[in-house]
Amino acid sequence: MIQVQGLEKSFKQLKVLRGVDIDVARGSIFALLGSNGAGKTTVVKILSTLLRADAGTARVNGFDVAAQAAEVRESISLTGQFAAVDEILSGRENLILVAKLRHLKGPGAVADDLLRRFSLTEAGSRRVATYSGGMRRRLDIAMSLIGSPPVIFLDEPTTGLDPEARIEVWQAVKELAKGGTTVLLTTQYLDEAEHLADRIAILHEGRIIVNGTLDELKRLLPPAKIEYVEKQPSLEDVFLTLVGARTNKEQ
Ligand SMILES: Nc1ncnc2c1ncn2[C@@H]1O[C@H](COP(=O)(O)OP(=O)(O)OP(=O)(O)O)[C@@H](O)[C@H]1O
Ligand SMILES: [Mg+2]
């Protein structure tokens, strides 16, 4: 559903992407991990046609992001880090507004269905100003689903949320993938990738340095031994060891 090959992007002298390759299967959740400034948002912007790559190719839903930008835009929705909801309107009114903008029939029914799917039915008639961070995020994701795009990009969907709100967002994302939506999310939270993703890629110094399932990534490190108890490495161990190893090698 998403195919990226040799993607490069520089901002003046700063080489942010130096040949990024990504493949995401339909209906799967793909997590792009990386430190601050690694280039995660840059990848998402290129894939959602907001930014042009310097080199390489990227296809989303079979369409080339550069040559078929309009078709790509019709295939995706993008949820950025900060919730794009209107505070003065209620949750239901926000959803109806977007459904009308997308020229959907029966916007009220579309809104009610999404409120139910995201456990917001009771809060639906309240002004968004009264919502918690997790409720806003869920509403934001619900809004991005109107029109049922086959691919959804979530750039740091849970940054700044408390653990409970994060779990609520995770459940919403899992529901999406179950329904056949392909999800590419970026995160700095390793446990988020561990809980949610079918495949995980680590973006470091402009390249994907590993890409695999959680089990595959864990197998990259030997299990650590503490006295007589065998300990499996966590994804955090894998990340820090790989990122640290690369950094040291190039110094
Ligand atoms: N429009 C721009 N002009 C100049 N530099 C930019 C621009 N956009 C991004 N950068 C730089 O590119 C690098 C990667 O930025 P990007 O936002 O993709 O990182 P990120 O992995 O999303 O980081 P974070 O985890 O902080 O969100 C950073 O050094 C950033 O300063
Ligand atoms: Mg970012």
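The points below go through the predicted model from the overall fold to single residues.

1. Overall build. The protein chain contains nine helices and 12 strands. Its radius of gyration is 19 Å, close to the 18 Å that the globule rule gives for 251 residues, so the chain is as compact as a globular protein of that length. Along the principal axes, the C-alpha atoms fill a box of roughly 55 × 50 × 30 Å.

2. Burial and contacts. Of the 251 residues, 40% count as buried. Counting contacts in the protein chain between residues at least 6 apart in sequence, 64% join residues at least 24 apart.

3. The antiparallel sheet. Four strands form an open sheet with antiparallel pairing, in the order β2-β1-β4-β5. The edges are held by β2 and β5 (63–64); each has a single partner strand, so one side of each is left without a neighbour in the sheet. Inside this order, β1 (residues 2–11) and β4 (residues 55–60) run antiparallel and are joined by five bridges. Gln3 has Arg59 of β4 as its bridge partner.

4. Neighbours of β7. Strand β6 runs parallel to β7, with four bridges between the two; Leu78 has Phe153 of β7 as its bridge partner. Strand β8 (residues 182–187) also pairs with β7 in the parallel sense, over five bridges. Here the partner of Asp155 is Thr186 in β8. Helix α6 (residues 163–178) belongs with these last two strands, as β7, α6 and β8 make a right-handed β-α-β unit.

5. The residues around the ligand are Phe11, Leu14, Val16, Gly34, Asn36, Gly37, Ala38, Gly39, Lys40, Thr41, Thr42 and Gln188. Helix α1 supplies the largest share, three residues. By class, the shell has four nonpolar, seven polar and one charged residues.

6. Helix α1. Which residues of α1 are buried? They are Lys40, Thr42, Val43, Val44, Ile46 and Leu47. With six of its eight residues buried, α1 is largely enclosed by the rest of the structure. Of these buried residues, Lys40 and Thr42 are also among the residues around ligand 1. Just after the helix, Thr49 takes a positive phi of about 70°.

7. Leu89. This residue sits in the loop between β6 (76–79) and α3 (91–101). Is Leu89 buried or partly exposed? Leu89 has 15 other C-beta atoms within 10 Å and is partly exposed, since a residue needs 20 or more to count as buried. Leaving aside residues up to four places away in sequence, Leu89 touches Asn94, Leu97 and Val128. Leu89 and Arg126 are 37 residues apart in sequence, while their C-alpha atoms are 8.0 Å apart in space.

Methods. Residues numbered from 1 in each chain as written. Chains lettered and ligands numbered in written order. Predicted model: local features only at pLDDT ≥ 70, side-chain atom pairs only at ≥ 80, totals over all residues. Rg over C-alpha atoms; globule rule 2.2 N^0.38 Å. Buried ≥ 20, exposed ≤ 12 C-beta atoms within 10 Å, placed from the backbone. Contact = placed C-beta atoms within 7 Å. Near = placed C-beta within 6 Å. Nonpolar A, V, L, I, M, F, W, Y, C, P; charged D, E, K, R; others polar. Pairing = 2+ DSSP bridges. Right-handed = clockwise from strand over helix to strand, strands pointing away.
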